[in-house]
Protein chains: 2
Amino acid sequence: MAIPRAAKTQRRTRIQEEKEEQILEAALDVFAVSGFRGSTIDQIAEVAGMSKPNLLYYFRTKEAMHRSLIDRVLFTWLEPLRAFDAEGNPENEIRSYIRRKLEMARDFPRESRLFANEVLQGAPHIEDELKGPLKELVDEKAEVIRVWAKAGKIAKCDPYHLIFSIWSTTQHYADFDVQVRAVLGQGKAGEGRFEDAARFLEQLFINGLKGHAPQSES
Amino acid sequence: MAIPRAAKTQRRTRIQEEKEEQILEAALDVFAVSGFRGSTIDQIAEVAGMSKPNLLYYFRTKEAMHRSLIDRVLFTWLEPLRAFDAEGNPENEIRSYIRRKLEMARDFPRESRLFANEVLQGAPHIEDELKGPLKELVDEKAEVIRVWAKAGKIAKCDPYHLIFSIWSTTQHYADFDVQVRAVLGQGKAGEGRFEDAARFLEQLFINGLKGHAPQSES
DNA sequence: TGTAATGTTTACCAGTCGGTCAAATTATCC
DNA sequence: GGATAATTTGACCGACTGGTAAACATTACA
């Protein structure tokens, strides 16, 4: 009868586990490059090395694949921000947040591009996630930063725009990789570029946010 | 016999001028959102308010439209960087570069997204421009910054990554507009967000690059 | 080992894609 | 006003799109 469709049955078989993994892996490849509209099931099927109807056996529609991919990636993608610790030393927290985000741009560029494509195209599939969980998390961490600034531990600044600028500078190395490589040219475009970027960004943000001494309150 | 195709004839008629303008305007709307692969001629035709064969009378192919659009936008897009003046005061130059880039993100978000889409998808249509004219311009301006740093007018830093970070932070407000709005929420997502962003970014970059006193040479 | 559930494939569908063609319409210029 | 060139359109093409149906193959399990 075959009603599997990956969710109906309580326990997923080993083969389901494997195939779904294989499909999402291929889908990530394709969606990350062409976005949702620009990607086709046939492309994904080819990359995954299976027939199109076979893909559609595990994911009923193209949207279901995309949805599943986004859901899985979104959680891990926000991990670095979640790790942002209110109790920690501000300078260290910012420094390691930058470093972690940069590592993700280096190690998971496809995931970064998947989101970039989605948001760039108006986030038609993840608007709720942005306005809900994402906003809440950012609000929480922005408050932490605001308190640090108020206490003079870092410079007074808009915490939201600080977060945006860390996102954009780090993800730039994944999303605009082609451009970065083109501009740096043969010589400087090697893997060392991430180390250079890390050094520069840490310098920029740490110096840029140096607290103004203890500073009086109110 | 009508061989116009917009380029064969030396002098372009008023009507050609107008229609091509109209088409490129519509194409910008569509390409900026969906990227090249994700956009269709029919969509563009509908936005432009003309029939599909009529579009194809002025631009032989979808690629020709895209090409034409990119060529036209690329020049103006790099204008702010070109204006970067080696003779000027470093702090002022950086400040006004940021401001100009941010104004472009605010006033020409579609153009920003057009490029973002293109680069994100591997820049299949503009690789040459990136490796050629763009790289040359950036090399030139990076040298200016390097000299400033060497003279102690600004902090020692990698000029390429400085430029990347200005690009990414400013364009973020165009390319990731939906996300920015979602995170800032109803209250703070108004037009004032560009002023807030400008203030933050100027603070970040100016403080982040404060020169270390005159500093000895060699 | 049999059989029922699971997994895979071939053939196919209706709608959309980029693009063509010839006929019809409109502007231009004498 | 008429000839000529420029513009516009409806009808159409083959290739591709997301997705389906049903036959076939494989696995799990009694």
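At 33% relative accessibility, Arg67(A) counts as partly exposed, and in this predicted model its side chain meets that of Asp71(A) in a salt bridge, with 3.3 Å from N to O. Asp71(A) is likewise partly exposed, its relative accessible area being 40%. Both residues belong to helix H4 of chain A, which covers residues 62–77, and they stand four residues apart, about one turn of the helix.

Other salt bridges connect separate helices. In chain B, the side chains of Arg99(B) and Glu202(B) meet at 2.9 Å, N to O; because Arg99(B) lies in helix H6 (residues 90–107) and Glu202(B) in helix H11 (residues 192–208), the pair ties together parts of chain B that are 103 residues apart in sequence. Arg99(B) is partly exposed at 33% relative accessibility, whereas Glu202(B), with a relative accessible area of 9%, is buried.

A further salt bridge in chain B joins Arg193(B) to Asp177(B), at 2.7 Å from N to O. This pair links distant parts of the chain, since Arg193(B) is in helix H11 and Asp177(B) in helix H10 (residues 177–188), 16 residues apart. Arg193(B) is buried, with a relative accessible area of 3%, and Asp177(B) is buried as well, at 11%. In chain A, salt bridges that share partners join Glu91(A), Arg95(A), Arg99(A), Glu195(A) and Glu202(A) into one network. Over all chains, the count comes to 42 salt bridges.

We turn now to the relation between the chains. Chain A can be laid on chain B with an RMSD of 0.0 Å by a turn of 180° and a shift of 0.0 Å along the axis, which is the relation of a two-fold axis. Of the interface residues of chain A, 98% are also interface residues in chain B, so the copies meet through the same surface.

Where the chains meet, 57 residues of chain A are in contact with 56 residues of chain B. Between them the two chains bury about 4900 Å², 68% of it on carbon and sulfur atoms; on the side of chain A, Leu120(A), His161(A) and Val183(A) lose the most area to chain B, together 15% of what that side buries.

The interface also holds ten residue pairs in polar contact and two salt bridges, one of which pairs Lys188(A) with Asp158(B) at 3.4 Å, N to O. Several helices of chain A give two or more residues to the side that touches chain B, including H1, H7 and H8, and H9(A) gives the most, with twelve residues. By class, that side of chain A has 28 nonpolar, 18 polar and eleven charged residues.

Notes: Residues numbered from 1 in each chain as written. Chains lettered and ligands numbered in written order. Predicted model: local features only at pLDDT ≥ 70, side-chain atom pairs only at ≥ 80, totals over all residues. Heavy atoms only, no water. Least-squares fit on C-alpha atoms with pLDDT ≥ 70 in both. Contact = heavy atoms within 4.5 Å. Buried area = accessible area lost by both parts, 1.4 Å probe. Salt bridge = Lys/Arg side-chain N within 4 Å of Asp/Glu carboxyl O. Polar contact = N/O pair within 3.5 Å; in protein donor to acceptor, adjacent residues only side chain to side chain. Nonpolar A, V, L, I, M, F, W, Y, C, P; charged D, E, K, R; others polar. Buried < 20%, exposed > 50% of the residue type's maximum accessible area, 1.4 Å probe, protein only.
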